[in-house]
Amino acid sequence: MARRILILFAHPAIRRSRFNRVLIETARMVEGVTVHDLYETYPDFAVDPDREQALLLEHDVIVAQHPLFWYSAPALLKEWLDLVLEHGWAYGREGHRLDGKLWMQAVTAGGSERAYSPDGLNHWSIDELLRPFEATANLCRMVWQPPFVLHGAHLADAQEIDRAARAYQARLTTLRDGTPVRAVTP
Ligand SMILES: Cc1cc2nc3c(=O)[nH]c(=O)nc-3n(C[C@H](O)[C@H](O)[C@H](O)COP(=O)(O)O)c2cc1C
């Protein structure tokens with residue numbers, strides 16, 4: 001059966017976005033995808049844990065889509081994690097309500113792929129920088145999926161953005177219908 005996908009979209013300035021705006025509009029057209037715009041829903045950062053937990057339970061795949069900000073996510077996504085993934089609900093002895101759901105990060109970065117190599121300016125790859133999210137997914141017994149990463153967001157032309165949008169659409173379709181990756185954390 002097709003999996004239901006929830007996209008937690010975290011971009012504080014969507015009107016100024018070139019990349020994420022196209023990606024999220026593409027995602028909206030994929031059947032089975034719910035787009036949840038966190039900055040639109042919670043401009044004051046007052047995340048409602050009950051509402052968010054109910055949404056999570058209605059879906060099988062959680063995708064956090066955001067631009068890379070200071071090697072991590074925009075602040076509202078962190079606030080969301082802090083408030084929604086409660087002890088006794090998402091993890092701990094009492095509750096593992098997210099058990100077995102898939103988690104994927106979809107990230108755009110200003111820096112080039114080379115800048116995120118061992119010899120590059122940022123030294124670590126984005127996969128490595130996303131480890132706190134991977135650890136969070138693991139603690140909640142969710143199944144971490146390889147991140148969907150787009151580098152060089154500032155330099156991308158319309159054709160590259162369009163190619164990226166099609167790749168994102170394909171990845172979402174695989175998450176919906178395909179065999180999930182069973183990543184083994186080293
Ligand atoms: C506050 C802030 C922090 C950023 N930090 C990073 C960063 O750590 N690494 C990086 O490669 N790009 C960084 N960027 C660039 C954004 O990732 C880039 O502008 C974004 O991915 C482009 O997507 P958009 O067109 O949807 O806005 C940062 C941008 C802002 C505004």
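This is a predicted model: local features need pLDDT of at least 70, side-chain atom pairs count only at pLDDT 80 or more; totals for chains, interfaces and linings use all residues.
A polar contact is here a pair of N or O atoms within 3.5 Å.

**Ligand contacts**

| Residue | Protein atom | Distance to a ligand oxygen atom |
|---|---|---|
| Tyr-71 | backbone N or O | 2.8 Å |
| Thr-108 | side-chain N or O | 2.6 Å |
| Tyr-116 | side-chain N or O | 2.6 Å |

On its own, the ligand has 640 Å² of accessible area, and the protein covers 74% of it.

**Ligand surroundings**

The ligand is surrounded by 17 residues. Thr-108 and Tyr-116 belong to the closest of these, together with Ser-17, Arg-18 and Leu-68. Sorted by class, this shell consists of nine nonpolar residues, seven polar residues and one charged residue. The space that the ligand takes up is the largest pocket.

**Chain**

The chain contains seven helices and six strands. Read from the N terminus, the order of these elements is β-α-β-α-α-β-α-β-α-α-β-β-α.

Along the principal axes, the C-alpha atoms of the chain fill a box of roughly 45 × 35 × 35 Å. The chain has 186 residues, and for a compact globule with that number the radius of gyration would be near 16 Å. The chain has a radius of gyration of 16 Å, so its value agrees with that of a compact globule.

Notes:
Residues are numbered from 1 along each chain as its sequence is written. Side-chain values use heavy atoms; hydrogens and water are left out. A residue is near a molecule or strand if one of its heavy atoms lies within 4 Å of it. A polar contact is a pair of N or O atoms within 3.5 Å; within protein, one must be able to donate a hydrogen and the other to accept it, and residues adjacent in sequence count only if both atoms are side-chain atoms. Accessible areas come from the Shrake-Rupley method with a 1.4 Å probe; for residues, only the protein chains shown count as cover. On a 1 Å grid over the protein atoms alone, a cavity is a set of points where a 1.4 Å probe fits but cannot get out, and a pocket is an open set with protein on both sides within 12 Å along at least five of seven lines; lining residues have an atom within 4 Å of a point. A molecule sits in a cavity or pocket if more than half of its atoms lie within 2 Å of its grid points. Ala, Val, Leu, Ile, Met, Phe, Trp, Tyr, Cys and Pro count as nonpolar, Asp, Glu, Lys and Arg as charged, and the others, Gly among them, as polar. Helices (H or I, at least four residues) and strands (E, at least two) are DSSP runs, numbered from the N terminus. The radius of gyration is taken over C-alpha atoms; the globule rule is 2.2 Å times the number of residues to the power 0.38.
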